Amino acid sequence: MGSWSLCLEDSHKTIELRPEWFKGYTRLAFGFSGLKMYACAQEQYEKAAAFEDAPQSVHDSLAKASDTASKSGATLEEERNWLMEQQAAENKQKMAEAGCSVM
């Protein structure tokens, strides 16, 4: 997951600090798109597009994400499960590299 993981972390922090700002949601959608999690990206673009100050580019990105998500066939639940599995594997690897025993 590499840098996409950092993108997700940064986006979540942005949303935590400024939940009223559409850009945090677009950044999160971008990160999900990079991970090929198109249903999750669509969900975040929908949140961003709901803001009154969201520019046309957000609505365009939502349309593109919706199209891509419908073609991918993966559900939100499947994508979220995949992400949790990837994060768990990453955490195990980091712990092993640090010399911690991993069960």
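Predicted model: local features only at pLDDT ≥ 70, side-chain atom pairs only at ≥ 80, totals over all residues.
Biologist: What share of the residues of the protein count as buried?
Modeller: The C-alpha trace spans about 50 × 35 × 20 Å along its principal axes. A residue is called buried if its relative accessible area is under 20%. Of the 103 residues, the share that passes this test is 31%.

Biologist: Now for single residues. Is Ser 11 buried or exposed?
Modeller: Ser 11 is found in helix H1, which covers residues 2-17. Leaving out residues up to four places away in sequence, Ser 11 touches Gly 24, Arg 27 and Leu 28. Its relative accessible area is 1%, and the cut-off is under 20%, so Ser 11 counts as buried.

Biologist: His 12 is found in helix H1 too. How does His 12 count by its relative accessibility?
Modeller: The value for His 12 is 45%. Buried would need a value under 20% and exposed a value over 50%. Because 45% falls in between, His 12 counts as partly exposed.

Biologist: How far apart in space are His 12 and Glu 78?
Modeller: Along the sequence, 66 residues separate His 12 and Glu 78. For the distance in space we go from C-alpha to C-alpha, and that gives 20 Å.

Biologist: Let's move on to Thr 26. Which residues does Thr 26 touch, not counting those up to four places away in sequence?
Modeller: Thr 26 has its place in helix H2, residues 22-34, and counts as buried at 16% relative accessibility. Ala 48 is 22 residues away along the chain, yet the C-alpha atoms of Thr 26 and Ala 48 are separated by 6.1 Å. A contact needs heavy atoms within 4.5 Å. The residues that Thr 26 touches are Tyr 45, Ala 48 and Val 58.

Biologist: Where does Lys 36 lie, and what is its phi near?
Modeller: Lys 36 lies in the loop between H2 and helix H3 (38-49), and at 59% relative accessibility it counts as exposed. Most residues other than glycine have a negative phi. Lys 36 has a positive value instead, with phi near 60°.

Biologist: Finally, which helix gives the most to the lining of the largest pocket?
Modeller: About 190 Å³ of space lies in this pocket, and its lining includes Phe 30, Tyr 45 and Lys 64. By type, the lining residues divide into 5 nonpolar, 3 polar and 2 charged. With 5 residues, the helix that gives the most is H4.

Key:
Residues numbered from 1 in each chain as written. Heavy atoms only, no water. Helix = DSSP H or I, 4+ residues; strand = E, 2+ residues; numbered from the N terminus. Buried < 20%, exposed > 50% of the residue type's maximum accessible area, 1.4 Å probe, protein only. 1 Å grid on protein atoms, 1.4 Å probe; cavity = no way out; pocket = protein on both sides within 12 Å on 5 of 7 lines; lining within 4 Å. Points joined across faces, edges and corners; volume = space filled by probe spheres on them. Nonpolar A, V, L, I, M, F, W, Y, C, P; charged D, E, K, R; others polar.
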